[in-house]
Amino acid sequence: MSATARTFEILGVPFDGAATLGWPGARYAPARIREALGWITMRTEKGLVYSLETGQLHPAPAITDRGDAHVVPHDLQATLTNTSEAIADIIRNNKVPIILGGDDSTLYSGSKGVHDGTAGTMAIIHFDAHLDVMDENEAQGTHSQSSGMRRSLELPRASADHSIQVGLRHFNFPSSQAYVTTAGPARITAYEFDSLGTDAAVQKILQRVSGADTVFLSFDIDAVDPAHAPGAGAHEPGGLSSRQAIDTIRALAPHCHALAITEVNPLTDHRDMTSNLAAYLVYYFATFGAEAI
């Protein structure tokens, strides 16, 4: 365990200009997730919070809010650069970034920010219904919500051998199969996750990222079944339950150096169910990741 508890800093990325497939609207997510987070943080008393699952009092996590990245609505590349620079700056100031997207182009800007703010090899734990390894196409170009994992693994110190994708399901492009079978990370489909159970899946994830110097956890909310997270950029049935997502984040948090929550879409949400789930994922990450392993 670390001698000093880690502190966390939120960075919003209110941008969905790369959401050329699926539904736009994720630009509104950072504000709604922050609002939902207030419902949780108001339970702090004298610097402590009571976890019903552990039955113990825990130090309330130290979370500051940097505000939003400098988003340039008409300029994807400028937005990616501004976001990654802000994330790297958070890390250099000895805080753990919690990034609130935004569409899943944030996967790449998050990876680049973590990569540039640290040294050594970087592993990526990518929760998503989709592979996000598109190289380039007419509708999306080279940087989009469908290419974030591929672009991230092209960073010099990103390690596909230590990275893993979780929650994948249904169908994808044949070109994606060619990439993941030759150069891609490991994969746990949603079906396999459910068959393994949460504890065994977590152990498989931790075994994969073991040996990397830095671990970036990026969670596209559509990894969760739309019955539990209706406010997403796409609806893919058969995903993780909210219970599985919370328990997994809790278990992985001490091993990770940054978190991104992406593709929450308030325009397709129902009574803020998805923003609320995202806020709980943030709070579990900070509470149980306060002391790194």
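In this predicted model, the side chains of Arg243 and Asp247 meet in a salt bridge, with N and O 2.8 Å apart. Because the two residues are four apart in helix 8, about one helical turn separates Arg243 from Asp247. Asp247 has a relative accessible area of 27% and is therefore partly exposed. Arg243 is likewise classed as partly exposed, at 40%.

**Salt bridges**

Arg243 also forms a salt bridge with Glu53, where the closest N and O atoms are 2.9 Å apart. Arg243 belongs to helix 8 (residues 242-252) and Glu53 to the loop between strand 2 and strand 3, so this pair ties together parts of the chain that lie 190 residues apart in sequence. Glu53 is partly exposed, with a relative accessible area of 39%.

Another salt bridge is formed by the side chains of Asp272 and Arg32, at 2.8 Å from N to O. This pair links distant parts of the chain, 240 residues apart: Asp272 sits in the loop between strand 10 (258-262) and helix 9 (273-288), and Arg32 in helix 1 (residues 29-41). Asp272 is partly exposed at 30% relative accessibility, and Arg32 is partly exposed at 32%.

In total, the structure holds 12 salt bridges.

| Salt bridge | N to O distance |
|---|---|
| Arg243 and Asp247 | 2.8 Å |
| Arg243 and Glu53 | 2.9 Å |
| Asp272 and Arg32 | 2.8 Å |

Leu52 counts as exposed because its relative accessibility is 68%, the cut-off for exposed being over 50%. Together with Leu48, Tyr50 and Leu57, Leu52 makes a nonpolar surface patch of about 450 Å².

Eight strands form an open sheet with parallel pairing, in the order 4-1-5-10-9-6-7-8. Its edges are strand 4 (62-68) and strand 8 (186-189), each of which pairs on one side only. From one strand to the next, the twist averages 15 degrees.

Strand 1 (residues 7-13) pairs with strand 5 (residues 96-101) in the parallel sense, over six bridges. Within this pairing, Phe8 stands opposite Val96 in strand 5. Helix 9 packs on the sheet and touches strand 1, strand 4, strand 5, strand 9 and strand 10. The direction of helix 9 makes about 175 degrees with that of strand 10.

Strand 6 (residues 122-127) is mostly covered, with six of its six residues buried. Burial extends to both faces of the strand: Met122, Ile124 and His126 are buried on one side, and Ala123, Ile125 and Phe127 on the other.

Strand 6 runs parallel to strand 9 (residues 214-220), and six bridges join the two. Here Met122 stands opposite Thr214 in strand 9. Strand 6 also pairs with strand 7 (residues 164-168), again in the parallel sense, over three bridges. In that pairing, His126 stands opposite Gln165 in strand 7.

Key:
Residues are numbered from 1 along each chain as its sequence is written. This is a predicted model: local features need pLDDT of at least 70, side-chain atom pairs count only at pLDDT 80 or more; totals for chains, interfaces and linings use all residues. Side-chain values use heavy atoms; hydrogens and water are left out. Patches are made of residues with over 30% relative accessible area and no salt bridge: like charges are joined within 9 Å, nonpolar side chains (Val, Leu, Ile, Met, Phe, Trp, Tyr) within 5 Å. Accessible areas come from the Shrake-Rupley method with a 1.4 Å probe; for residues, only the protein chains shown count as cover. A salt bridge is a side-chain nitrogen of Lys or Arg within 4 Å of a carboxyl oxygen of Asp or Glu. Buried means under 20% relative accessible area, exposed over 50%, partly exposed in between (1.4 Å probe, protein chains only). Two strands pair if DSSP finds at least two bridges between them. Axes are lines fitted to C-alpha atoms, for helices over the stretch in contact, and angles run from 0 to 180 degrees between N-to-C directions. Contact means heavy atoms within 4.5 Å.
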